[in-house]
Amino acid sequence: MQCLKIEGGFPLQGEIPVHGAKNSALPLLAAAVLCREEVIFHNCPGLSDVAAACRILEQLGCRIRREGSTIAVDPSAIGNHWVPDHLMREMRSSVVFLGSVAARLGEASLCFPGGCELGARPIDLHLMGLRALGMEITEQERHIYARVPNGLRGARIHLRFPSVGATENILLAAVLAEGETVIENAAREPEIGDLAAFLNCCGAKIRGAGSGTLMVEGVPRLHGCSYTVMPDRIEAATWLCCGASAGGEILVSGARPEHLESLLPLLERMGCRLRLDAAGIRLQAPERLSGCGEVVTSPYPGFPTDMQAVLMACACSAEGESSFEETIFENRFRHSAEFEKMGARIQVEGMKARVYGVRSLQGADVTATDLRGGAAMAALALRAEGSTIIRDIRHIDRGYECLERDLSLLGASIRRVNEEEIKS
């Protein structure tokens with residue numbers, strides 16, 4: 001098993017790029033199923049989740065070619081509607097294939113998905129929306145079977161919560177439904193806009209992305225196109241928080257400030273100086289951060305749950321107190337116990353956590369609890385004195401192309417090692 005070894009206590013300097021967005025690339029790859037001709041995606045990140053999505057596409061009958069950050073998907077020969085359990089369990093977002101496969105082939109069979117264990121992530125909103133479009137869906141034990149016996153028809157669908165996954169699944173099915181579909185209280189995340197822009201490039205007719213109300217006029221078929229995946233706003237936030245935590249001055253190139261409007265003011269409140277220009281976002285950290293105040297996670301444009309852990313890493317060494325309230329996932333504070341091994345002072349009560357900043361942190365042997373929590377441990381380790389070992393980094397690899405390579409560009413002392421090297 002591989003680990004990350006980080007020698008902390010040194011400020012960061014230099015430029016670090018933002019790769020293609022994981023949370024956009026995965027639904028885009030699922031959307032390729034709907035097309036009748038080859039689709040070419042540029043700026044696809046080299047992640048284990050992306051590789052898992054490609055294996056699902058191959059299982060369905062698609063032909064895949066990858067050269068660097070470009071993935072070509074030829075769905076013309078797709079014919080298999082069944083996705084094996086072991087492929088579905090590799091990533092949580094695999095459920096997004098339900099809408100696209102059933103819309104294209106008239107049926108789909110898959111199991112409930114896997115991914116990080118952050119708490120209950122029910123897919124009832126997905127199924128409600130797809131049923132409203134005319135899908136007949138049967139749930140048996142851990143499996144889902146969907147049929148479209150009479151074709152898909154547009155409908156007015158109101159989501160009681162702006163679920164990103166449900167919005168994506170309904171949107172993927174609605175583009176091939178007869179008539180108009182209106183999705184009310186739809187997710188407003190930039191990744192939804194990226195999916196809508198891609199589908200429109202393929203011949204779909206979608207309006208309202210980003211407004212909370214999506215209007216879809218169904219079309220009989222979609223053609224192929226060439227499309228560039230948007231930059232990863234969560235990765236950009238991670239690099240900014242690494243710079244804030246470790247200290248120094250960095251440029252996060254390719255970051256889009258408009259995607260980070262809930263984070264940037266908090267970093268400024270903590271004492272960071274930010275400069276936004278055509279190259280990206282420049283951050284200069286103070287000698288010691290101040291607390292960030294109260295942070296409450298919420299759907300976009302609120303503060304993202306995926307940024308909570310890395311901002312908490314900054315708060316651990318800040319002067320004063322910070323508080324975090326998690327409203328999305330009940331198990332989103334599991335990283336706090338690992339932070340405490342490094343000397344952090346955190347009090348967790350249910351869905352709230354209070355962080356009491358300490359002046360010094362020490363390296364320790366910790367375990368990545370989930371994708372974002374693992375990245376946050378790296379941010380904290382960069383601040384801590386001495387050596388930190390982060391284990392179970394398969395979680396990190398799901399969302400970061402090569403964390404150690406990228407952070408090394410900023411002068412971080414970080415490398416991937418085997419368990420045997422640590423023991424010796």
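Ser-262 sits in the loop between strand E14 (248-253) and helix H9 (264-269). The model is a predicted one. Ser-262 has a relative accessibility of 19% and therefore counts as buried, since the cut-off for buried is under 20%. Leaving aside neighbours within four places in sequence, Ser-262 is in contact with Pro-301, Gly-302, Phe-303 and Pro-304.

Pro-301 has a feature of its own. Its peptide bond with Tyr-300 is cis, with omega at about 15°. Most peptide bonds are trans. Pro-301 is placed in the loop between strand E17 (293-296) and H10.

## H10 against H12

Helix H10 (residues 305-316) packs on helix H12 (residues 371-383). The angle is about 20°, and the axes are 8 Å apart. H10 and H12 are therefore roughly parallel to each other, as angles under 35 degrees count as such. The crossing of H10 past H12 is right-handed.

Which residues of H10 and H12 make the contact? From H10 come Asp-306, Ala-309, Val-310, Ala-313 and Cys-316. From H12 come Arg-372, Gly-373, Ala-375, Ala-376, Ala-379 and Leu-380. By class, the residues of this H10 and H12 contact are eight nonpolar, one polar and two charged.

Ser-245 belongs to helix H8 (residues 233-246). Its relative accessible area is 0%, so Ser-245 is buried. Not counting residues up to four places away in sequence, Ser-245 touches Leu-289, Ala-313, Cys-314, Ala-379, Leu-380 and Arg-383.

## H5 against H6

Helix H5 (residues 124-132) and helix H6 (residues 164-174) also pack together. Their angle is about 20°, with the axes 8 Å apart. That makes H5 roughly parallel to H6. H5 passes H6 in a right-handed crossing.

H5 contributes Leu-125, His-126, Gly-129 and Leu-130 to the contact. H6 contributes Gly-165, Ala-166, Asn-169, Ile-170 and Ala-173. How many nonpolar, polar and charged residues does the contact of H5 with H6 have? There are five nonpolar, four polar and no charged residues.

## An aromatic cluster

The structure holds three aromatic pairs. One of them joins Phe-41 and Phe-198. This pair is tilted, at 5.1 Å centre to centre and 45° between the planes. Phe-41 lies in strand E3 (residues 39-42) and Phe-198 in helix H7 (residues 190-201). The pair links distant parts of the chain, 157 residues apart. Both Phe-41 and Phe-198 are buried.

Phe-198 also pairs with Tyr-227. This pair is edge-to-face, at 5.6 Å centre to centre and 70° between the planes. Phe-198 is in helix H7 and Tyr-227 in strand E13 (residues 226-228), so this pair ties together parts that are 29 residues apart in sequence. Phe-198 is buried because its relative accessible area is 0%. Tyr-227 is buried because its value is 12%. Ring pairs link Phe-41, Phe-198 and Tyr-227 into a cluster.

## Arg-66 in strand E4

Arg-66 lies in strand E4 (residues 63-67).

## Positive phi in two loops

Most residues other than glycine have a negative phi. Asn-185 is not a glycine, yet its phi is positive, at about 60°. Asn-185 lies in the loop between strand E10 (180-184) and H7. At 29% relative accessibility, Asn-185 counts as partly exposed.

Asp-392 also has a positive phi, near 60°. Asp-392 is found in the loop between strand E22 (386-391) and helix H13 (394-397). Asp-392 is buried, with a relative accessible area of 16%.

Note on methods. Residues numbered from 1 in each chain as written. Predicted model: local features only at pLDDT ≥ 70, side-chain atom pairs only at ≥ 80, totals over all residues. Heavy atoms only, no water. Axes fitted to C-alpha atoms, helices over the stretch in contact; angles between N-to-C directions. Helix = DSSP H or I, 4+ residues; strand = E, 2+ residues; numbered from the N terminus. Parallel < 35°, antiparallel > 145°, perpendicular 65-115°, else oblique. Left-handed = near helix turned anticlockwise from the far one by under 90°. Contact = heavy atoms within 4.5 Å. Nonpolar A, V, L, I, M, F, W, Y, C, P; charged D, E, K, R; others polar. Phe/Tyr/Trp six-rings, centres within 6.5 Å; stacked < 30°, edge-to-face > 60°. Buried < 20%, exposed > 50% of the residue type's maximum accessible area, 1.4 Å probe, protein only.
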